[in-house]
Structure formats: structure tokens, C-alpha cells
Amino acid sequence: MASSIHRIGVGDTVLAVRTAGSGLPLLLLHAFPLDHAMWCEQEPLADHLRLVVPDQRGFGASGGTEPTSIEQLADDAAALLAALHCGPAVVCGLSMGGYVAQHLAVRHPDRVAALVLADTRLEADTAEARAARVDLATKVGRVGQRILADAMVPRLLAGSPGAAAAAGRAALEAALRVAIERQPVATIQAALAALGARPDMTEPLRRVAVPTLLVVGAEDAITPPACMEAALAVMPRARLLVVPHAGHMTPLEAPAVFNRAVLEFLAEAALHPA
Ligand code: MLT
């Protein structure tokens with residue numbers, strides 16, 4: 001599948017964006033503190049859809065300008081879809097990307113045909129979680145990205161015996177560590193502040209009536225299935241898939257299940273042929 005890398009100006013920054021395929025746009029929004037590469041296993045979806053896979057502001061090859069809020073990242077995503085002349089898109093975000101997708105649906109509803117929210121939550125941080133982010137940002141400033149990789153990598157993947165990732169777990173962990181360590185310290189610190197300041201989206205999401213697929217790894221230690229069950233309870237057109245033997249990185253750990261679920265969901269929503 002041919003793919004292209006673009007550099008697109010949005011607002012006061014420039015985003016590096018990978019595109020592939022044609023047809024209905026599928027915007028893939030990465031987690032913290034990663035970049036577009038976490039969606040590498042979704043490449044086959046380019047046989048069916050137009051993939052738009054940015055490095056969000058400050059991350060990956062976008063570099064440069066640090067994020068100041070999740071709302072700003074959502075506005076970047078809306079401007080990116082406009083710059084690429086995309087009609088309403090399927091917006092898929094994982095964890096931090098899921099927070100951005102929620103804000104995109106609320107702030108720019110005309111840009112969103114459907115949502116896929118993976119391994120994320122609607123609630124704001126608790127006071128303890130916010131304090132832990134402040135502490136982590138300080139440590140990253142002192143020690144570097146390594147301390148963030150040490151803290152996060154062991155919690156990203158499913159750990160049960162027989163987990164789908166078992167065979168490739170070491171390779172996946174190594175790739176995630178490299179991805180975390182290539183993100184600029186200033187971006188990590190700014191994103192931690194933005195994540196800690198994000199509002200609770202439960203009430204706004206009650207009014208988001210686009211077809212929504214919620215996906216979560218059964219062994220997600222960061223945003224456990226209960227988070228997506230809470231979203232299911234409030235979102236008017238949501239359905240939930242809990243993926244066995246997957247952790248926080250469901251699209252990487254169970255790519256065949258994830259990709260099939262997206263295509264089946266779009267077919268059922270009459271957005272894409274079965
Ligand atoms: C992520 O995976 O994007 C982060 O863990 C989200 C968060 O820290 O809230």
C-alpha cells in the first residue's frame with residue numbers, strides 16, 4: 001500500500017502526517033507519550049479507508065511546538081482534516097488520542113462521522129493522578145525520558161500467561177521504549193500538564209450521537225474495562241468490545257481483532273460496505 005508523509009500547517013504549528021488509501025477518512029490519534037508509529041498494525045485498513053495518521057503537536061516528527069491543552073489538540077485535528085479536504089471522518093483515538101477524539105466530536109461535530117474510542121476514559125484525573133503527573137514531569141526534567149519509559153512500558157501490555165502478545169512481547173516492549181524515548185522532554189512535560197488539566201467529558205458525551213465503537217483490552221491496567229463500560233452507559237449510540245488477552249495497546253496487541261472490529265462496526269453503521 002502506497003503511503004505518503006506530508007507536513008501540514010495547522011494553526012501556529014506544522015504537523016507531520018502519514019496518509020494511505022482512499023475513501024472514507026479514518027483519523028488515527030496516538031496515545032501519550034507515543035507517535036503515529038503505534039498504528040503500524042492498522043496499515044491493512046488502508047485497503048478499505050483513507051488513513052490519516054498524524055504525529056500530534058510536539059510529538060514524533062511534528063516536534064517544535066508543545067501542546068497546551070487537549071482542546072488545542074482537537075482543534076489541530078479538525079484543522080488537519082480541513083487542510084486535507086476530508087469530509088466527516090471516522091475518528092479513532094487511543095487513551096490520550098481518545099481524549100482528543102472526544103473533544104473533536106464535541107467542538108467540531110461536523111468533522112466526525114463516527115468515533116472509535118480505544119482504551120480511554122471520559123472522566124478527568126483525580127487529585128492524586130494530577131499530583132503524580134506533576135511529580136513525573138519533574139522527574140523527566142531531571143532524569144530524561146528513560147524514567148517515563150521505565151514507569152509506563154511494563155503497564156502498557158497484557159501480562160497474563162497465554163496473552164496474544166506473549167511471543168512478541170519483548171519486541172513490542174522494546175519498540176514502545178524506543179518510541180517513548182524519542183519524544184522531546186518539553187513535549188512530555190507539556191502533555192502531562194495538559195492531560196492533568198483535561199475536563200470531565202461525561203456530560204458533553206451524553207449529547208454525542210454519532211455511531212461509536214468502544215474498544216478495550218480485558219487486561220488494560222491504565223484504563224480498565226470499567227472505564228469503557230462507564231462510557232457505554234452514557235453515550236447514546238455506543239457499543240463495547242472487550243478484547244481478551246490485550247492490555248492498554250489493543251490495536252498493537254490484537255491487530256486482527258481490532259481491524260476487523262472497526263470494519264464490521266462501519267458496515268453496521270452503513271458507513272462502509274461489509
Ligand atoms: C495514554 O496512554 O495516552 C496515557 O496513559 C493517558 C493518560 O495518561 O491519561
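A residue counts as buried under 20% relative accessible area, as exposed over 50%, and as partly exposed in between, using a 1.4 Å probe and protein chains only. Arginine 133 comes in at 18% relative accessibility, so it counts as buried.

What you're looking at is a predicted model: local features need pLDDT of at least 70, side-chain atom pairs count only at pLDDT 80 or more, and totals for chains, interfaces and linings use all residues. Residues are numbered from 1 along each chain as its sequence is written, and side-chain values use heavy atoms, with hydrogens and water left out.

## Around arginine 133

You'll find arginine 133 in helix H3 (residues 127-143); helices are DSSP runs of H or I with at least four residues, strands are runs of E with at least two, and both are numbered from the N terminus. Setting aside neighbours within four places in sequence, arginine 133 is in contact (heavy atoms within 4.5 Å) with Asp125, Leu192, Leu195, Gly196 and Arg198.

## A helix tucked away

Now for helix H2, residues 96-107. Ten of its twelve residues are buried, so H2 is largely enclosed by the rest of the structure. Among the buried ones are Tyr99, Gln102 and His103. Their cover includes strand E3 (25-29), helix H1 (70-83) and helix H6 (185-197).

## Who lines the largest pocket?

The lining of the largest pocket draws at least two residues from each of H2, H3, helix H4 (145-156) and H6.

How values were computed. Expected span 1.5 Å × (residues − 1).
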